[in-house]
Amino acid sequence: MIVLKSEDELRAMGEAGKLVAKTHAVVAEAIRPGMTTASLDALAEQYIRDHNAVPSFKGYNGFPASICASINEEVVHGIPGPRVLKEGDIVGIDIGAILGGFHGDMARTYPVGEISKEAERLLWVTEKALEQGIAAAVVGNRLSDIGHAVQSFVEAQGLSVVRDFVGHGIGRSMHEPPQIPNFGRPGRGPRLKPGMVLAIEPMVNIGGWEVVVLSDNWTVITADRSLSAHFEDTVAVTEDGPLILTQA
Ligand code: MG
């Protein structure tokens, strides 16, 4: 069942989303060649806890860190550690936090120093794909219109959309119904209603859409080792249109 949120609950979710967006700003500011992903994780965890919130990912199904940090061909769920970021890398940072009983969830892929034109284009396409998905999150549309908007845009740019991982409803739990694929035919699934809150999160690859999970059982990489990017926002469906809750 898709849980609809009241006005008060949406306000509370806005606070959680704002904190996650601010945590992103802190991490983004710190990203540079020479930095380890473990240090970015520590920075995010401290910031979240300093603001009376709890990192959603830490301990989730045994995940050992507060953020996911996914470098280059890593798609999502990379585990922060001693790996040092290098000039030209791209790093996907996914952050979730619980504040006042509600979750916010947001991902961005950041450049490390100067990156290739190809990588820059990947980041641009993925960010625009998220915007397209959000624009489809309007009252009266059906759920699959979101994924269709993402897929159409990405494939028109000659890139591919990951199929094995999806966006999700979000609220008092990090993952609530419905699942939100980033591909598919339009006009299917439940009608979008005011009070639905959705984590929309396209994952886009330069090569094929196929992915594999590494032996750490978390890190997802592209099967062809091509570069991948991930952008995510927590979005409320309202009578006035989509409202991005993960904004600083
Ligand atoms: Mg998510």
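**Pockets and metal site**

Tutor: α1 gives the most to the lining of the second largest pocket, with four residues. Helices (H or I, at least four residues) and strands (E, at least two) are DSSP runs, numbered from the N terminus. This is a predicted model, in which local features need pLDDT of at least 70 and side-chain atom pairs count only at pLDDT 80 or more, while totals for chains, interfaces and linings use all residues. Residues are numbered from 1 along each chain as its sequence is written, and side-chain values use heavy atoms, with hydrogens and water left out.

Student: Which residues lie nearest the centre of the second largest pocket?

Tutor: They are E7, L10, R11, T238 and L243, among 15 lining residues.

Student: Which atoms coordinate the magnesium ion?

Tutor: Donors are N, O and S atoms within 2.8 Å of the metal (3.2 Å for Na, K and Ca); water is not among the atoms, so sites may look incomplete. Here D105 (OD), H168 (NE2), E201 (OE) and E232 (OE) coordinate the ion at 2.1 to 2.4 Å. Along the chain, these donors follow the spacing D-x62-H-x32-E-x30-E.

Student: Are D105 and E232 buried or exposed?

Tutor: Buried means under 20% relative accessible area, exposed over 50%, and partly exposed in between (1.4 Å probe, protein chains only). Both D105 and E232 are buried.

Student: With what is I93 in contact, beyond its neighbours within four places in sequence?

Tutor: Contact means heavy atoms within 4.5 Å. The partners of I93 include H24, V27, I31, L40 and Y110.

Conventions
On a 1 Å grid over the protein atoms alone, a cavity is a set of points where a 1.4 Å probe fits but cannot get out, and a pocket is an open set with protein on both sides within 12 Å along at least five of seven lines; lining residues have an atom within 4 Å of a point.
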